[in-house]
Amino acid sequence: MTSILSLFPEYALTGKLDELRAREYGYLDEQGHIYADYTGAGLPARRQYQAHKLRLEGATFGNPHSTNPTSHSATVLVEQTRGRVLSYLNASPDEYQVIFTANATGAAKLVGEAYPFRRHSRLVLTSDNHNSVVGLREFAARAGTRISYVPIQKPELRIATSAVAKALPRKKRLRLRKSTSDRRGLFAYPAQSNFSGVRHPLSWVGLAQERGYDVLLDAAAYLPTCALDLSSVRPDFVVVSWYKLFGFPTGVGCLVARHNAMARLNRPYFGGGTVEAVTVGLPWHKMSSGASGYEDGTLNYLSIPDVHVGLDWLSSIGMELIGTRVRCLTGWFLARLLSLQHTNGTPMARIYGPTELESRGGTVTFNFLDRTGKVVDERLVAMESSAAGISLRTGCFCNPGAGEAAFNLGRERISSIIRAKPQTFEDIWSLSGLPSGGAIRVSFGVASTARDVDYIIAFATKTYLDRETNTDGLPARRAC
């Protein structure tokens with residue numbers, strides 16, 4: 001394999017991104033970085049920083065919860081950004097609203113704390129979910145809601161549509177429902193796995209809704225390399241972290257929600273900015289309507305307009321172009337990784353998830369294997385790749401279900417760990433019997449190049465070919 005073009009000639013059509021890499025992301029090469037953690041965070045273009053600086057230098061902004069001039073200036077930009085988010089997602093303002101949060105986790109929590117879970121409703125989760133979505137089960141459990149998981153199939157770590165349908169059975173004589181109490185429950189899943197890169201079918205949204213369920217779609221790992229059209233796929237709730245798409249600003253996410261779904265929520269808390277009126281003499285309050293009833297305290301009004309800038313930036317490049325580049329790099333990396341062998345003929349890597357490109361994104365999770373076939377400890381890889389200037393991610397990536405499936409951690413072993421009442425992550429790991437505390441994740445994005453792939457593969461060959469590794473002198477493991 002001498003060139004990426006030998007397998008992916010369409011890579012030549014993405015040359016515009018090499019120009020942008022040099023101009024807008026040139027700090028990577030200037031600082032000697034190989035960045036391969038786009039599922040962890042996107043990278044900002046220089047013009048995003050410049051736009052932020054120019055905006056702050058050119059006007060004065062104040063707390064939006066007022067009608068004074070500085071407050072008005074901030075409010076106008078925040079509202080314009082709400083509109084830009086809806087436009088980017090092709091979502092009608094007559095159907096959807098945008099609620100700003102700190103991140104996708106905050107958006108999921110808003111739904112969990114206010115959703116009308118009850119004894120006879122259900123929370124259905126795919127086993128492949130980020131912790132932030134898995135955590136919804138705590139709200140459901142308090143209400144006595146039945147919780148179930150749709151299992152992952154190995155080795156590709158996909159989930160069968162038939163399994164989803166089984167977990168969401170049709171109700172006999174299903175009637176049109178208008179009242180909150182008639183909803184059957186909530187179904188939550190990621191459009192793309194942050195662990196394996198698997199893209200789960202968006203058709204599950206309609207399947208679940210037709211069977212009487214609200215749907216929460218986690219789009220955090222999906223949107224950086226793929227467009228989501230809410231005029232054709234209509235989940236009730238969509239959670240997003242904008243730094244995942246374009247790196248800046250951090251601390252701003254969104255819950256994009258259908259108006260009729262928001263009407264079913266009942267918040268257990270109110271705070272500054274979320275109420276029209278509050279009394280102390282008698283315990284009474286009236287919540288604000290719309291998004292403001294869910295945006296606790298003062299919005300991050302100096303950073304929210306940067307979401308508008310970031311979306312304009314991605315749109316100027318074109319998501320189709322970014323998707324093509326990432327697809328080519330992912331396929332090239334998978335092919336190179338699979339071809340790595342020690343001189344005794346044994347493989348140098350074990351991949352978790354699909355090794356083909358169908359229905360998958362630019363996230364690849366794997367472990368290196370030493371010449372004896374032993375997993376190279378993820379702490380060693382983290383230390384040595386960092387020394388080589390590579391930013392990749394190690395661990396379990398806050399996705400327990402996918403990790404359990406990838407590492408063959410079954411219910412019996414999990415049960416024994418829980419019974420042992422471990423006190424630290426090291427305790428949990430030692431009780432698990434796993435050869436390592438996690439995996440390695442490489443992910444590609446807008447500024448990635450074939451040179452990045454070549455560098456990572458060259459590092460792997462130089463560092464682990466024919467090597468027998470150990471864990472001597474490594475630091476204590478950190479929680480996933």
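How are H1 and H13 oriented to each other, roughly parallel or roughly perpendicular? The legends below, which describe a predicted model, begin with this pair.

**View 1. Crossing of helices H1 and H13.** The axes of helix H1 (residues 15-24) and helix H13 (residues 319-339) come within 10 Å and cross at roughly 95 degrees. Because angles of 65 to 115 degrees count as roughly perpendicular, H1 and H13 are therefore roughly perpendicular to each other.

**View 2. Residues at the contact of H1 with H13.** On the side of H1 the contact is made by Gly15, Lys16, Leu17 and Asp18, and on the side of H13 by Leu321, Ile322 and Arg325. Sorted by class, the residues in this contact of H1 with H13 are three nonpolar, one polar and three charged.

View 3. Seven strands make up an open sheet of mixed pairing, arranged in the order E2-E8-E7-E6-E5-E3-E4. The edges are held by strand E2 (96-101) and strand E4 (146-150), each of which has a single partner strand, so that one side of each is left without a neighbour in the sheet. On average, and with direction ignored, neighbouring strands of this sheet are turned by 20 degrees against each other.

**View 4. Pairing of strands E3 and E5.** Strand E3 (residues 122-126) and strand E5 (residues 185-190) run parallel and are joined by four bridges. Leu123 stands opposite Leu186 in E5.

**View 5. Helix H4 on the sheet.** Helix H4 (residues 69-88) packs on the sheet, where it touches E2 and strand E8 (253-258). The direction of H4 makes about 120 degrees with that of E2.

Notes
Residues numbered from 1 in each chain as written. Predicted model: local features only at pLDDT ≥ 70, side-chain atom pairs only at ≥ 80, totals over all residues. Heavy atoms only, no water. Pairing = 2+ DSSP bridges. Helix = DSSP H or I, 4+ residues; strand = E, 2+ residues; numbered from the N terminus. Axes fitted to C-alpha atoms, helices over the stretch in contact; angles between N-to-C directions. Contact = heavy atoms within 4.5 Å. Parallel < 35°, antiparallel > 145°, perpendicular 65-115°, else oblique. Nonpolar A, V, L, I, M, F, W, Y, C, P; charged D, E, K, R; others polar.
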